[in-house]
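The sequence and the structure come first, and the description follows.

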Number of protein chains: 2
Amino acid sequence: MPSRTAPTPRLSARSKLIDAAHLLVRRQGYSATSVDQICAAAGVSKGSFFHHFPSKEALAAVAAEQWTARAEELIFTLPPWTRVADPLERLIAHIDFRAAMLDGPVEAFTCYVGTMVQESFATSEVLRKASDASITAYSERLAQDIEAAITLYGIKHGVTALSLAYHVQSVLQGGFILAKSKADPSIARETVGHLKCYIKMLFERG
Amino acid sequence: MPSRTAPTPRLSARSKLIDAAHLLVRRQGYSATSVDQICAAAGVSKGSFFHHFPSKEALAAVAAEQWTARAEELIFTLPPWTRVADPLERLIAHIDFRAAMLDGPVEAFTCYVGTMVQESFATSEVLRKASDASITAYSERLAQDIEAAITLYGIKHGVTALSLAYHVQSVLQGGFILAKSKADPSIARETVGHLKCYIKMLFERG
DNA sequence: ACAAACATACCAACTAGTCGGTATTGTCAT
DNA sequence: ATGACAATACCGACTAGTTGGTATGTTTGT
């Protein structure tokens, strides 16, 4: 005799909660997102929530780790241009890719950890560090490609790879804020255009 | 006979509430800041709060206007370099000034409206528009100086004044996020350094 | 049988906002 | 100057609903 309730693939509640956290926090921010909301969006009961996570803060921190993994895959692994041989070409393709992502509803391309750290940097070291880890991982990964491009082509003004990688992060995060305030991603694409222009000038043959 | 209670300069509760909102929202974000907290920080009762403002949202919107006025004065009027004759020199001085501001505790130099819009863009059109108005006002004001510099010296790649002004905003806002995640302003100064480098290259004689 | 996964009912603390009232002010006739 | 009067500024207790988190179970896979 089959059980009444569906077989419910186990361990899925956990990842559904993380997905829901990504979705809701990107849309409303961390504080404005309640545990009940996350549970409802994930289709999971509150008891289940606190079975998997000791607190809302703990879920948010795990969701930050997950966000890093997701970005690594979506931005540094899956796209075909990540296998382009020339590192400068790869870097420019990276910028173009980030610009192309800036389309559709704002909450679909903005950054989970960037949104979260704004509200939590002063009140939760756990969340601040989780956000920092994600941003740092992205920047250090990107710095590898930049470093290779510098080695191959040189760069003006003694710019360092890691510093430029953080600058890329900065322009993206700032672009998200402008896109939010205008409810329109075009301004963010424009700002990333400036970034591309800057990088190309840095690598131009003097 | 003097009255027992102090003369209490009237209308001060209103501005004290606005100041408290700036302080607390920059530190904790909008949602995490309660009306009670704002009242306590301002030394004002809750009854008084709702006498001056119909809602928390309304205070936040008025505080955004006030933030614009404050920025206009602090950044575009008071500093002596705003009277430098050469517009390009003035623009570079502006960037240097913004970089120099990035010092001390993070919540002391970050942006009230940038923080607020992150959480409210999807849930409150009132706050989104109030934030946008502030960011737009800053950018359009800065674009005047950039326009003058372009007229005088020309610029590479057909960059427009307003677009570059928004790029400046973007880098600043992004720098704030990095500073928050690292609990250290130095990374933000570095990113503004890249911005300065970009602008100088754009205006270099070809 | 056993532990992990899930659910429901519940709690104390906190939330934005209301309400009835008091204190302080400026205005104006005297 | 002074007293009457209305308007504005201010106060703190209250409410209805929400918050993160807990306590106590039931279901499920092995």
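## A helix, a contact and a residue

In chain B, helix α1 (residues 12–28) has 17 residues and reaches 24 Å from its first C-alpha to its last, close to the 24 Å expected at 1.5 Å a residue, where the expected span is 1.5 Å times one less than the number of residues. Helices here are DSSP runs (H or I, at least four residues), numbered from the N terminus. This is a predicted model, in which local features need pLDDT of at least 70 and side-chain atom pairs count only at pLDDT 80 or more, while totals for chains, interfaces and linings use all residues. Residues are numbered from 1 along each chain as its sequence is written, and chains are lettered from A in the order in which they are written.

The buried residues of α1(B) include Leu17(B), Ile18(B) and Arg26(B); buried means that 20 or more other C-beta atoms, placed from the backbone, lie within 10 Å of the residue's own. These buried residues pack against α6 of chain A, and also against helices of chain B, among them α2 (35–42) and α4 (56–77). After α1(B) comes Gly29(B), with a positive phi near 90°.

The contact between the chains (C-beta atoms, placed from the backbone, within 7 Å) is drawn from both of them, as the table shows.

| Chain | Residues in the contact |
|---|---|
| A | 44 residues |
| B | 43 residues |

On the side of chain A that touches chain B, α8(A) gives the most, with 16 residues. Leu164(A) lies in this helix, α8 of chain A, and counts as buried because it has 25 C-beta neighbours inside 10 Å. Leaving aside residues up to four places away in sequence, Leu164(A) touches Ile146(A), Val159(A) and His194(B).

Methods:
Two residues are in contact if their C-beta atoms, placed from the backbone, lie within 7 Å. Helices (H or I, at least four residues) and strands (E, at least two) are DSSP runs, numbered from the N terminus. A residue is buried if 20 or more other C-beta atoms lie within 10 Å of its own, exposed if 12 or fewer, and partly exposed in between; C-beta atoms are placed from the backbone.
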